[in-house]
Amino acid sequence: MLLDTASLYYRAYFGVPDSVKAPDGTPVNAVRGLLDFIGRLVQDHRPDDLVACMDADWRPQWRVELIPSYKAHRVAVETQTGPDLEDTPDTLAPQVPIIEAALDAFGIARVGVAGYEADDVIGTLTDRASGPVDIVTGDRDLYQLVDDARGRRVLYPLKGVGTLQVTDEAWLREKYGVDGPGYADLALLRGDPSDGLPGVPGIGEKTAAKLLDAYGNLAGIIAAIDDPRSKLTATQRKRLDESRPYLAVAPKVVKVASDVPLPDFDPTLPRVAAQPDLVDALAHRWGLGGAVSRLSSALLP
């Protein structure tokens with residue numbers, strides 16, 4: 001089980017009231033919510049391995065060089081020596097170090113790699129896995145990793161993590177008319193304002209799905225631009241032709257990496273906290289007793 005950690009703690013932050021605070025008044029709604037999310041996931045799915053995948057770089061420069069608008073609207077502060085600072089709610093940012101400390105104290109593997117997003121870590125771990133993989137995320141971009149033959153699916157939270165949309169190939173075809181790899185092509189064609197991806201003007205989700213159905217994949221659509229026998233409308237042909245520079249670079253930006261140089265780590269789901277004294281100290285310091293107890297109970301075999 002691979003967790004898109006930032007996606008989940010954002011959901012916890014907005015889903016758990018900010019009245020949930022530590023004894024000193026510091027909001028800990030994202031911390032408590034995420035620990036409860038993980039406890040529920042472990043309880044319901046009993047994974048052998050569990051990895052909290054992290055955004056060491058939420059806007060990698062190599063993606064920005066290809067599409068400068070990539071996530072540009074989310075930049076709070078530009079930096080010269082490292083990743084730009086993301087526009088994050090004032091009361092969420094201070095909770096992230098607490099989340100990281102709690103995961104480490106429990107012994108839950110936490111993996112982030114400089115220059116890569118959590119999606120890329122997830123893509124690489126999924127590619128390397130020898131068995132089934134459940135990816136837990138509120139980010140539809142990761143639908144591209146769905147692969148029934150290899151047991152890869154996305155668990156998309158609808159309400160907390162108690163109600164999860166199980167995203168497999170049948171669901172993708174019913175909803176979008178594509179398979180996992182086809183979802184990446186669909187996403188780059190239609191664009192995604194939340195990620196600053198312009199897409200092809202005039203090509204929305206339904207048109208993108210129809211084009212992919214007709215021509216198979218992005219390469220087939222590009223070949224159809226130059227094929228006078230193809231059934232592209234004059235407007236579609238013109239817009240796709242004018243978008244060739246974008247279409248040449250968008251796949252590398254949209255598709256998750258599968259070759260991230262991962263550090264050595266142990267993904268095994270812990271059955272007891274790795275540092276119980278530290279867990280107790282964090283619970284006391286931040287008022288996390290209930291969430292810590294629930295996660296500890298869920299971990300027990």
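Begin by selecting Asp 227, which at 24% relative accessibility counts as partly exposed (buried means under 20% relative accessible area, exposed over 50%, partly exposed in between, with a 1.4 Å probe and protein chains only). This is a predicted model, in which local features need pLDDT of at least 70 and side-chain atom pairs count only at pLDDT 80 or more, while totals for chains, interfaces and linings use all residues. Residues are numbered from 1 along each chain as its sequence is written, and side-chain values use heavy atoms, with hydrogens and water left out.

Next, select helix 8, residues 205-215 (helices are DSSP runs of H or I, at least four residues, numbered from the N terminus). Its buried residues are Ala 208, Ala 209, Leu 211 and Leu 212, and, seen down the helix axis, they fall within an arc of 165° (taken from the directions from the axis to the C-beta atoms), so they line one face. The face turned away from the buried side carries the exposed residues Lys 206, Lys 210, Asp 213 and Ala 214.

Finally, select Leu 240, which touches residues including Leu 189, Leu 211 and Ile 221, not counting residues up to four places away in sequence (contact means heavy atoms within 4.5 Å).

How values were computed:
Helix = DSSP H or I, 4+ residues; strand = E, 2+ residues; numbered from the N terminus.
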